[in-house]
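Please examine the sequence and the structure shown below before reading this note. The numbered points that follow may be checked against it in turn.

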Amino acid sequence: MGAGSARGWPGGGGVAGSPQPEDGPGPDPAQAALHLLGQLVREVWEQGHTDVARDLMATDLIDHNPYPGQPPGLAGHNWAVAMVRQAFPDLCCTADVVLA
């Protein structure tokens, strides 16, 4: 997969959050989105750092496929992460196809 990281997630350095030259183009929106998705999956779902989700997701997000008993919003997302990671503490995610 992508050359951006060893884990296969595209968007290494020079994407979202990296300073761009004054006269150069800004980051490609598709690459920035892939970088954020990779960060969400790696840091939140694989490592369980739900505090990172606060910086990446809206607090009033709507989960259209919630687990039974899942609270709404970001708190519900973090609840789901905790439940999944409790069942699968060594969770590792792989993106086979990413459309951006």
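1. Helix α3 has 15 residues, and its first and last C-alpha atoms lie 22 Å apart, close to the 21 Å expected at 1.5 Å a residue. The expected span is 1.5 Å times one less than the number of residues in the helix. Helices (H or I, at least four residues) and strands (E, at least two) are DSSP runs, numbered from the N terminus.

2. On the basis of the note: the model is a predicted one, in which local features need pLDDT of at least 70 and side-chain atom pairs count only at pLDDT 80 or more, while totals for chains, interfaces and linings use all residues. Residues are numbered from 1 along each chain as its sequence is written, and side-chain values use heavy atoms, with hydrogens and water left out.

3. The protein contains three helices and zero strands, arranged along the sequence as α-α-α. Of its 100 residues, 29% are buried; buried means under 20% relative accessible area, exposed over 50%, and partly exposed in between (1.4 Å probe, protein chains only).

4. Which residues of α3 are buried? They are Gly 73, Leu 74, Gly 76, His 77, Asn 78, Ala 80, Val 81, Val 84 and Arg 85. The buried residues of α3 pack against α1 and α2, and contact here means heavy atoms within 4.5 Å.

5. Gly 76 belongs to helix α3. Gly 76 counts as buried because its relative accessible area is 0%. Apart from neighbours within four places in sequence, Gly 76 is in contact with Gln 70 and Pro 71. The C-alpha atoms of Gly 76 and Asp 60 are separated by 9.8 Å, and the two residues are 16 residues apart along the chain.

6. Helix α1 (residues 29–46) and helix α3 (residues 73–87) have axes that come within 10 Å and cross at roughly 65 degrees. Axes are lines fitted to C-alpha atoms, for helices over the stretch in contact, and angles run from 0 to 180 degrees between N-to-C directions. In this contact, Leu 40, Val 44, Trp 45 and Glu 46 of α1 meet His 77, Ala 80, Val 81, Val 84 and Arg 85 of α3. By class, the contact has six nonpolar, one polar and two charged residues. Ala, Val, Leu, Ile, Met, Phe, Trp, Tyr, Cys and Pro count as nonpolar, Asp, Glu, Lys and Arg as charged, and the others, Gly among them, as polar.

7. The span of α1 may be checked in the same manner. Its 18 residues should span 26 Å at 1.5 Å a residue, and the end C-alpha atoms are 24 Å apart, which agrees. The buried residues of α1 pack against α2 and α3. After α1 comes Gly 48, whose phi is positive, near 80 degrees.

8. The largest nonpolar core has ten residues, namely Leu 40, Val 44, Trp 45, Val 52, Ala 53, Leu 61, Leu 74, Ala 80, Val 81 and Val 84. Helices α1, α2 (50–56) and α3 each supply at least two residues of this core, and α3 gives the most, with four residues. A nonpolar core is a set of buried Ala, Val, Leu, Ile, Met, Phe, Trp, Tyr and Cys residues joined through side-chain atoms within 4.5 Å.

9. Met 57 is placed in the loop between α2 and α3. Met 57 counts as partly exposed because its relative accessibility is 22%. Setting aside neighbours within four places in sequence, Met 57 is in contact with Leu 40, Leu 74 and His 77.
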